[in-house]
Amino acid sequence: MDKEKLDWISRAYNFITSPKVIRICGYGALLLFFGCIGTAIIVAATLGEYGYNIFHNWISDLGNHIFTPAPFLLDTAVISAGVLLVPLNFYMEKYLAPIPQTAEELPAPHRMVYRLMGLSFFWNLLGSLGLIGVGIFSEDRDIAYLHFIFSVLLFGSFAFSAIFMGLRITFIKQSIIPKPFNFITGLYGICVPIPVAIIAGYHVFEETAYQWIMEWIIFLVLIGLIVPVFVFALRHAEKQLKSEKER
Amino acid sequence: MDKKESTESWIERVYNKATAPKTIIICGFAVLILYIGLVSIGVLVAALTKPPYTIWDNWISDLGSSDHTAVPVLYDLACIFAGTLTIPITLYLEKYLAPIPRITEELPPPHRWSYRLTGIGFFFSMIGSFFYIGVGIWSGDRAMLNGVNMHEICSFGAFGGFAFAAIFMGLALTISDRKLVPSPWNYILAAYGMHGPILVAMLNMTGIPGVSGPFLEWALLFAILGWIVPLSLFILRHAEKLIHAGT
């Protein structure tokens, strides 16, 4: 398509879904998120006044100056992950629900593909918003329960997104996640996050002794889906770059 | 045509049958007449047989309770008919708001946002329709199932589903092809759909001093009807046109 004829929104879309940008965002998100969270736990556990412990502390306590001398680490981790996941979300949607623009790109996928990816895109976008909100309104800057609201939005949205993404990659042919990994990650996405989120929600709202560890468990369950899916997306972007170079 | 039909799966045949203009005409007129007719007769019967039933002091669900009306089946049937008959209409709306190109002549496709918004709108509409059938099945007289208040769950699902669907379908109306809802009606209807039902739904949660809860519930029903009825009329007009064009 002629570049000059595209409006600025289309140009911005093409830019943020280009393999180069996806590679930067993907590696950037992985390094920043895990690097900052890992460092935040070590700093809080060793230098924190009360000794941080995942069995007795919320994840959000990593962003509270009472428990850690470096609360900005968690804020940086979640805000950067929230921002950098947005282009990856666009990329996944672009390649898992391609829209034919020319005769060569026909036939179009089944309508169910657009429905599932539309929903997955929507919930992922809300999840990213939740991540950014949790970072901005951290425990140190919690106004009008916004930290709690964004936390629920974050966990709930990614858990819902997992169902629709899971259905898409398990049951309908696609090019990003190869067999048999599509079945493993897909079925995991459909069956695991929502039941675990319900159990975690029960413990958190009933304030049981397991409330803190359950928050960590739902966090790890979501990471267990998001990371492999986005690693496959990175692999796909790398392949695209390689084929571009060969051309 | 026969060859094409033989290559279609049974799901595609059912989908094509459900979204055929003739089916839409039948469903559209039937839902308007049956739902509005049965609810109106239900209110009249309730007011006359077991007075005083008023929309100020009685919940909509009281129409399905033998404590408040002599003929609770009227409202149950209205809900079941409305829930069932809105399914083909939603499928039709999605099909024509975000058409998927299958042949070269159908290119170029609509913008990706059309697919996203109608996909999400479709999901919430389906939730609304299925839960509305549930409202009829677990009516005021049969509200509980194994200690679970199914009537309340279904009511929340139905009203919430339709209110959220109105937001996304409304947004889709503003950017999609103008054949279904012509300009400027698409903007008027969309602006109402995006704001009206959800605003009244929020007022139901917060309450208004001096206004009864039952009346607010009725207001929500009217707000949703204020979106669905004009939209259904435009859909019927579109289906009529297709029949006259011989499609």
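## Contact between the chains

In this predicted model, 14 residues of chain B are in contact with 14 residues of chain A. On the chain B side, the touching residues comprise nine nonpolar, two polar and three charged.

## Helix H6 of chain A

Helix H6 of chain A covers residues 181-191, and its buried residues are A:Asn182, A:Thr185, A:Gly186 and A:Gly189. Viewed down the helix axis, they fall within an arc of 100°, so they line one face of H6(A). An α-helix has 3.6 residues a turn, so residues three or four places apart point the same way. The packing partners of the buried residues are helices H5 (146-171), H7 (193-206) and H8 (211-246) of chain A.

## B:Val39

B:Val39 sits in helix H3 of chain B, residues 21-49. Leaving aside neighbours within four places in sequence, B:Val39 is in contact with B:Tyr75 and B:Ala78.

## Backbone features

Most residues other than glycine have a negative phi, and most peptide bonds are trans. A:Ala144 is exposed, with 8 C-beta neighbours inside 10 Å, and A:Tyr145 is exposed with 11.

In chain B, the peptide bond from B:Leu107 to B:Pro108 is cis, with omega near 0°; B:Pro108 belongs to the loop between helices H4 (73-97) and H5 (112-137). B:Ser183 and B:Pro184 are also joined by a cis peptide bond, with omega about 5°. B:Pro184 lies in the loop between helices H6 (150-175) and H7 (185-206) of chain B.

Definitions and conventions. Residues numbered from 1 in each chain as written. Chains lettered and ligands numbered in written order. Predicted model: local features only at pLDDT ≥ 70, side-chain atom pairs only at ≥ 80, totals over all residues. Contact = placed C-beta atoms within 7 Å. Nonpolar A, V, L, I, M, F, W, Y, C, P; charged D, E, K, R; others polar. Helix = DSSP H or I, 4+ residues; strand = E, 2+ residues; numbered from the N terminus. Buried ≥ 20, exposed ≤ 12 C-beta atoms within 10 Å, placed from the backbone. Arc of directions from axis to C-beta.
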